[in-house]
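Take a look at the chain below. This short report walks through its elements, its contacts and its surface.

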Amino acid sequence: MAQHATLEDLRALWPGGDLDGDRAATVLSLVSDAIDALCESAGVDVTKASASALRLVTCQAALRMLKTSDAGFGVTQESWGATPYSGSMSFANPTGDLYLTKTERQLLGLDADWAGYVSPKVPE
């Protein structure tokens, strides 16, 4: 399975600060494999998705995983008090889990609309 984005692609989207290249390269590889496995399990041919969509989805998912850090990336709420020196921060993805948003899933062709029917067997 091919890697869908390069380290340079990820650096272009990085919000600033230092990016650990070794960790980022590992995360990009894992995210690419996860996307391939997810598409395969859903019956979607990942090779038919556009290269730019694959690159974007891979980078966005990797960014969410990498932003969980002490540097303050991924913080959704922060509050501090004056006495007795309290403070708290809430992270959007505190454990660095891999997930795809609804838009990303649509870009990959997952969660497409479908229709089906059930033909119940009527007891005789």
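How many salt bridges does the count come to, if a salt bridge is a side-chain nitrogen of Lys or Arg within 4 Å of a carboxyl oxygen of Asp or Glu? By this rule, the count is 1 salt bridge. It is the pair of Arg64 and Glu104, whose closest N and O atoms are 2.7 Å apart. The pair links distant parts of the chain. Arg64 sits in helix 3 and Glu104 in helix 4, 40 residues apart. Side chains of opposite charge can pair when their charged atoms come close. Both Arg64 and Glu104 are buried. Buried means under 20% relative accessible area, exposed means over 50%, and partly exposed lies in between (1.4 Å probe, protein chains only).

The model is predicted: local features need pLDDT of at least 70, side-chain atom pairs count only at pLDDT 80 or more, and totals for chains, interfaces and linings use all residues. Residues are numbered from 1 along each chain as its sequence is written, and side-chain values use heavy atoms, with hydrogens and water left out.

**The elements**

The chain holds 4 helices and 2 strands. Helices (H or I, at least four residues) and strands (E, at least two) are DSSP runs, numbered from the N terminus. From that end, the order is α-α-α-β-β-α. The chain has 124 residues, and 27% of them count as buried.

Helix 2 covers residues 21–41 and helix 3 covers residues 51–66. Their axes come within 9 Å and cross at roughly 125°. Axes are lines fitted to C-alpha atoms, for helices over the stretch in contact, and angles run from 0 to 180 degrees between N-to-C directions. Why are helix 2 and helix 3 called oblique to each other? Angles under 35 degrees count as roughly parallel, over 145 as roughly antiparallel, 65 to 115 as roughly perpendicular and the rest as oblique. The angle is roughly 125°, and the two helices are therefore oblique. Their crossing is right-handed.

**Pairs far apart in sequence**

The table gives the C-alpha distances.

| Pair | Apart along the chain | C-alpha distance |
|---|---|---|
| Arg11 and Cys59 | 48 residues | 9.2 Å |
| Leu13 and Cys59 | 46 residues | 7.7 Å |
| Asp20 and Leu66 | 46 residues | 9.0 Å |
| Thr101 and Gln60 | 41 residues | 9.4 Å |

Arg11 is in helix 1 (residues 7–13). Its relative accessible area is 43%, so Arg11 is partly exposed. Leu13 is also placed in helix 1. Leu13 counts as partly exposed too, at 42%. Asp20 lies in the loop between helix 1 and helix 2, and at 48% it is partly exposed. Thr101 belongs to the loop between strand 2 (87–91) and helix 4. At 29%, Thr101 is partly exposed.

**A nonpolar patch**

Which residues make the nonpolar surface patch? They are Leu13, Leu56 and Leu107, and the patch is about 230 Å². Patches are made of residues with over 30% relative accessible area and no salt bridge; nonpolar side chains (Val, Leu, Ile, Met, Phe, Trp, Tyr) are joined within 5 Å, like charges within 9 Å. Leu107 is found in helix 4 (residues 102–107). Its relative accessible area is 39%, so Leu107 is partly exposed.

Technical notes: Accessible areas come from the Shrake-Rupley method with a 1.4 Å probe; for residues, only the protein chains shown count as cover. A crossing is left-handed if the near helix is turned anticlockwise from the far one by less than a right angle, and right-handed if clockwise.
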